[in-house]
Every structure is written in C-alpha cells, then in structure tokens.
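I opened this notebook to record what I looked up in the model, entry by entry. The notes follow the order in which I worked.

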Amino acid sequence: MNTAATPSPMAIDHRPGFFARAESWLDERGKGAWIAAMVLGFIFFWPVGLALLAYMIWSKRMFNSSCSSMTRSRARHMGKSSGNHAFDAYKAETLRRLEEEQDNFEAFLKRLRDAKDKAEFDQFMDDRAKKMTEDDDTDTTLRQPER
C-alpha cells in the first residue's frame, strides 16, 4: 500500500487563474486593450498602471505588432488541410493572389511616396533658386554705380 495520497480529480483545478484569464482576454483584443488597461491603471491607482507598463515591457507586448495574436492563429490555420483538395487548391491560389496584390500595392505606395518626395524637393529647389535670383536683383539695385 502506498502512503502517498493521489489528489482526487475534484482537488485539481485546471482552470486558469484570474490573471491568466485577464492576460488572454487582453491578448485577444490586441495592444490597444493593453494600453487602455495601463492608462486606466494609472488613473485609478498609479502602482497598477506602473506594474502593467513594466509587465508589457518585460513580456515584449509593448513592442510587438498590434495583431500578433491574430497572426499566430491565422498562421496556425493556413497550413492545415481541410481534406477537400479542390478547396485547398482554391485557398492556396487565393492566398497567393492576395499576397501578390499586397506586394503590388506596397510597391505602388512606395512609388507614390517617392514621387511626393521628389515633387517636394523640386519645389524646394525652385523656391531656393527664385529666392537667390531675387536676392541678386535686390543687391544690384541697392548698389549705385560709381562715377
């Protein structure tokens, strides 16, 4: 007979605690929820806000992308096969097309930003050249020819 008692199934509580449930709830809602909780912590009792800020920095939640939990769950489901080969082929083609469209759109935005930067630079150079010619004209009118 063994003297070590095994805990009964009723004695083991597999539910996560309050803090684990709160953390997962905030993670589901993203970085904005963490920031809102931190601000509310500072408003109601500043040590709570400070503790949340320290935890967010320590756990790298402050510097992760705002939708990291969504990205993880999406990545988990992307590789899974549904069992229907036609649907899987459609899904793969759609994902490839969407990624291509996203790359094209990002390239378009880069060209748009570059064109805007070039236009602003050209305007600056034109204004500078105009100001320099105006200054030269002003200098020549102020000088009186010597006789």
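Entry 1, ground rules. I am working with a predicted model, in which local features need pLDDT of at least 70 and side-chain atom pairs count only at pLDDT 80 or more, while totals for chains, interfaces and linings use all residues. Residues are numbered from 1 along each chain as its sequence is written, and side-chain values use heavy atoms, with hydrogens and water left out.

I took helices (H or I, at least four residues) and strands (E, at least two) as DSSP runs, numbered from the N terminus. The protein has five helices and zero strands, and along the sequence I read the pattern α-α-α-α-α. Of its 147 residues, 9% count as buried.

I used axes fitted to C-alpha atoms, for helices over the stretch in contact, with angles that run from 0 to 180 degrees between N-to-C directions. Angles under 35 degrees count as roughly parallel, over 145 as roughly antiparallel, 65 to 115 as roughly perpendicular and the rest as oblique. The axes of helix α2 (residues 31–44) and helix α3 (residues 46–58) come within 5 Å and cross at roughly 150°, which means that α2 is roughly antiparallel to α3. On the α2 side the contact is made by Trp34, Ile35, Ala37, Met38, Gly41, Phe42 and Phe44, and on the α3 side by Trp46, Val48, Gly49, Leu50, Leu52, Leu53, Tyr55 and Met56. Sorted by class, this contact has 13 nonpolar, two polar and no charged residues, where Ala, Val, Leu, Ile, Met, Phe, Trp, Tyr, Cys and Pro count as nonpolar, Asp, Glu, Lys and Arg as charged, and the others, Gly among them, as polar.

Leaving aside residues up to four places away in sequence, Gly41 touches Trp46, Val48 and Gly49. Its C-alpha is 7.6 Å from that of Leu52, a residue 11 positions away in sequence.

Helix α1 (residues 18–29) and α2 pack at an angle of about 125° with their axes 5 Å apart, so α1 is oblique to α2. Glu23, Leu26, Asp27 and Arg29 of α1 meet Lys31, Ala33, Trp34 and Ala37 of α2. The residues of this contact divide into four nonpolar, no polar and four charged.

Entry 6, aromatic rings. Rings of Phe, Tyr and Trp (its six-membered ring) pair if their centres lie within 6.5 Å; planes under 30 degrees apart count as stacked, over 60 as edge-to-face and the rest as tilted. By this rule I counted four aromatic pairs. The rings of Trp34 and Tyr55 have centres 5.8 Å apart and planes at 35°, so this pair is tilted. Trp34 in helix α2 and Tyr55 in helix α3 are 21 residues apart, and the pair thus links distant parts of the chain. The rings of Tyr55 and Trp58 also form a tilted pair, with centres 5.8 Å apart and planes at 40°. Both of these residues, Tyr55 and Trp58, lie in helix α3, three residues apart, about one turn of the helix. Trp34, Tyr55 and Trp58 form one aromatic cluster, in which Trp34 is buried at 4% relative accessible area, Tyr55 is partly exposed at 27% and Trp58 is exposed at 65%.

Note on methods:
Contact means heavy atoms within 4.5 Å. Buried means under 20% relative accessible area, exposed over 50%, partly exposed in between (1.4 Å probe, protein chains only).
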